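Welcome! Take a moment to look over the sequence and the model before reading on.

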Amino acid sequence: MRDATERAAARTGSLEAADIRAGVALARGKDHPVMPAVITMGEVGSWQALLAMSAGTLAWGLLTRDRALAETGGRMLAAGTLASLVKTSLKRTLHRTRPNVLMDTGRYARGPFGPNDGPWQSFPSGHAALSVAVARAVARARPGLSGPAYATAAGVVAVQLVRGAHFPADVAAGALIGLAAEAATDRLVSARLPQRAEQAP
């Protein structure tokens, strides 16, 4: 594994080489018996789980006529959806093999386009993008929940590294996508809120 890592690093620039070495080092325990349980917990950051949670929060707020809760759910859903669209577009435009592929097969490749297949879609991390987007939306709407929201997102990101699903640069890019997606949707939501306040009797 060390030889494969060094061969991959030698074919890249210094920053990418450092990223490769760090990704492999962080994932050295990916085959530990406890890892399946860790991976299961990390799936709280999957797009299916987060978008379902966001939609559920919005629906419950609407059903109970809790305007603040509905707004929180709407913000979560909007930020998560935009982050998902951006990360999916990037995954289909750029390919990069995952750390676990390098570790298990010795193969590392990256570049434009490529196979639309999971092992080739390390960049960017979708879990990081959606987790950060939704956590930021929760923190903005409910500041009192910012600690648990950010801690959960950080946990999801850490799982992606230790399981060998992503290199550090992948999760950093995903987190930036999440922050940008939430900021963009916040501008849209904030622009509409004054209009609603003016229209209210």
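Arg 65 is a residue other than glycine, and it sits in the loop between α4 (47-63) and α5 (67-93). Helices here are DSSP runs of H or I with at least four residues, strands are runs of E with at least two, and both are numbered from the N terminus. At 78% relative accessibility, Arg 65 counts as exposed (exposed is over 50% relative accessible area, buried under 20%, partly exposed in between, with a 1.4 Å probe and protein chains only).

## About the model

This is a predicted model, where local features need pLDDT of at least 70 and side-chain atom pairs count only at pLDDT 80 or more, while totals for chains, interfaces and linings use all residues. Residues are numbered from 1 along each chain as its sequence is written, and side-chain values use heavy atoms, leaving out hydrogens and water.

Leu 50, Leu 51, Ser 54, Thr 57 and Gly 61 are buried in α4. They lie on the same side of α4 because they cover an arc of only 120 degrees around the axis, taken from the directions from the helix axis to the C-beta atoms. Their cover includes α5 and α7 (contact means heavy atoms within 4.5 Å). On the face turned away from the buried side are the exposed residues Ala 52, Trp 60 and Leu 63.

## A cis peptide bond

Phe 123 and Pro 124 are joined by a cis peptide bond, with omega about -10 degrees. Pro 124 is in the loop between β2 (110-112) and α7 (126-141).
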